[in-house]
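Here's a quick tour of the charged pairs and the chain arrangement. Have a look first, then read on.

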There are 2 protein chains.
Amino acid sequence: VQESGERGYIVPIGGAEEKLRDSEILGRFVRLCGRDRARIAVIPTASEERDTGSRYESLLEKLGARTVVSLPFDSRRDANDEESLDALQEVDGIFLAGGNQLRLSTTLGGTPVAKLMRKLNAAGVHVAGTSAGAAFLCEHMIAQGEEGPTPRPEMVTLSPGLGLTNRVIVDQHFRQRDRLGRLLAALAYNPFAIGIGLDEDTAAFIAPDNTLEVRGSGAITVVDPSEVEFSSMDSVRPGHPVSIIGVRLHVLVDAGVFDLESKRAAPARASSRR
Amino acid sequence: VQESGERGYIVPIGGAEEKLRDSEILGRFVRLCGRDRARIAVIPTASEERDTGSRYESLLEKLGARTVVSLPFDSRRDANDEESLDALQEVDGIFLAGGNQLRLSTTLGGTPVAKLMRKLNAAGVHVAGTSAGAAFLCEHMIAQGEEGPTPRPEMVTLSPGLGLTNRVIVDQHFRQRDRLGRLLAALAYNPFAIGIGLDEDTAAFIAPDNTLEVRGSGAITVVDPSEVEFSSMDSVRPGHPVSIIGVRLHVLVDAGVFDLESKRAAPARASSRR
């Protein structure tokens, strides 16, 4: 991560965004990338469906992007393909489709594509991902886990992700799949990252200055462990609940903001710029 | 991590280092920190034994350090203590004792102590850790796992660690506890970091230029996934073995080197500086 220059936005989306609410989230992403000048790459690697790339191509073009190209990285060999890497160099935004986040980490992890995506984001290219694509964006990725509100140690499996930021750990389909427990378990291992639980059709637009803004029809559950006084994860027995004391929790809806530096939440931006 | 200036050494040690071989590893750490000018802080947080801090104090002083102070961070409240933070500001080296790495991550993760250690290392302070202390040093920490040579998905539990580097994932007591399987499993999730399996009484001195040099009576098993062609972690069933194809493996002994940038291994440094 380079400190000079301005990083691009990082935009995790909770899944199921394109079918609902007139594509507010994807529309905002296209505008962010330059509206009718926007060149966007779609990476459908997480998906098992053959038409995922082409579906997002037409969707994003309909929303006004100038060019959208789907780069089907299906194997680690593909992730070394010069032509695809050249195409990726030319874009203003990258969109990672949903599916299985372990498809993304096992196929792209450590490859030239992953390195280039980190470099491009650091240089100003915006990177969005939905569902599995959202989970993969950060340094610490929830690979899999179980449902339920109470954390237990075996409830969550963490894996290295793409690594655009280590400030947050993202979980998606949050309300729909009852995932507070696994997000709390992830934070109980090491209470340093901020947990971001994304409902479906809901996105966190994380700006270069590390303020996060909510967009969409659902909510974002922000789980802030920075004042945690105690976690029993070092001594809990398998299958038993983990104790964690002092978590701060915010539920934010459309236009809500959270500052990842100061850890302050607000229902909307203070300025009238919105 | 700041790119300007020179980072301090990062020194993971495989455990059981002080009882054997005349403290070669700890002796080298003391010399690195400035020999008879060296001011070293010991952090015994991982340990459950009350005298761990004082034992390392006398050991490191006997090896020639000028001052050694043990900072007993026992709770997250302790990790905000101004006096201890001031003491930490003054040192040339930090030594993390062994025990349970989850004690370290749950007690120090996200606290001012963890932030300060990252800042100090980036500014040139050397940080060593043995056993659990070694596991905690990196961004991705093996929190727990099972023995055996063949990787299975549930064999390893990853957690965020202290975060001095994300280039390597460390495992310790490596030969003594048959841990190749769990290290391979960790890398199969996302083949981007280099796996470092440390035998007991063996250390990796990771220099600011990201070359790693082996010291001690055992070996370091370097597991390099940068040419991995395939990992089945995205589709493997629980309890079944994971397929991973194209791993490069080096076993290095005393004086052996591995360059984390070029991924080249050698039995000793090319120059005669040794």
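## A salt bridge in chain A

A:Glu146 has a relative accessible area of 34%, so it is partly exposed (buried means under 20% relative accessible area, exposed over 50%, partly exposed in between, with a 1.4 Å probe and protein chains only). Its partner in a salt bridge is A:Arg152, with the closest N and O atoms 3.2 Å apart; a salt bridge here is a side-chain nitrogen of Lys or Arg within 4 Å of a carboxyl oxygen of Asp or Glu. A:Arg152 is partly exposed too, at 22% relative accessibility.

This is a predicted model, where local features need pLDDT of at least 70, side-chain atom pairs count only at pLDDT 80 or more, and totals for chains, interfaces and linings use all residues. Side-chain values use heavy atoms, without hydrogens and water, residues are numbered from 1 along each chain as its sequence is written, and chains are lettered from A and ligands numbered from 1 in the order in which they are written.

## Other charged pairs

A:Asp74 and A:Arg103 pair up in a salt bridge at 3.5 Å between the closest N and O atoms. A:Arg103 is buried at 17% relative accessible area, while A:Asp74 is partly exposed at 32%.

There's also a salt-bridge network linking A:Glu24, A:Glu213, A:Arg215 and A:Arg269. Over all chains, the whole structure holds 28 salt bridges.

## How the chains relate
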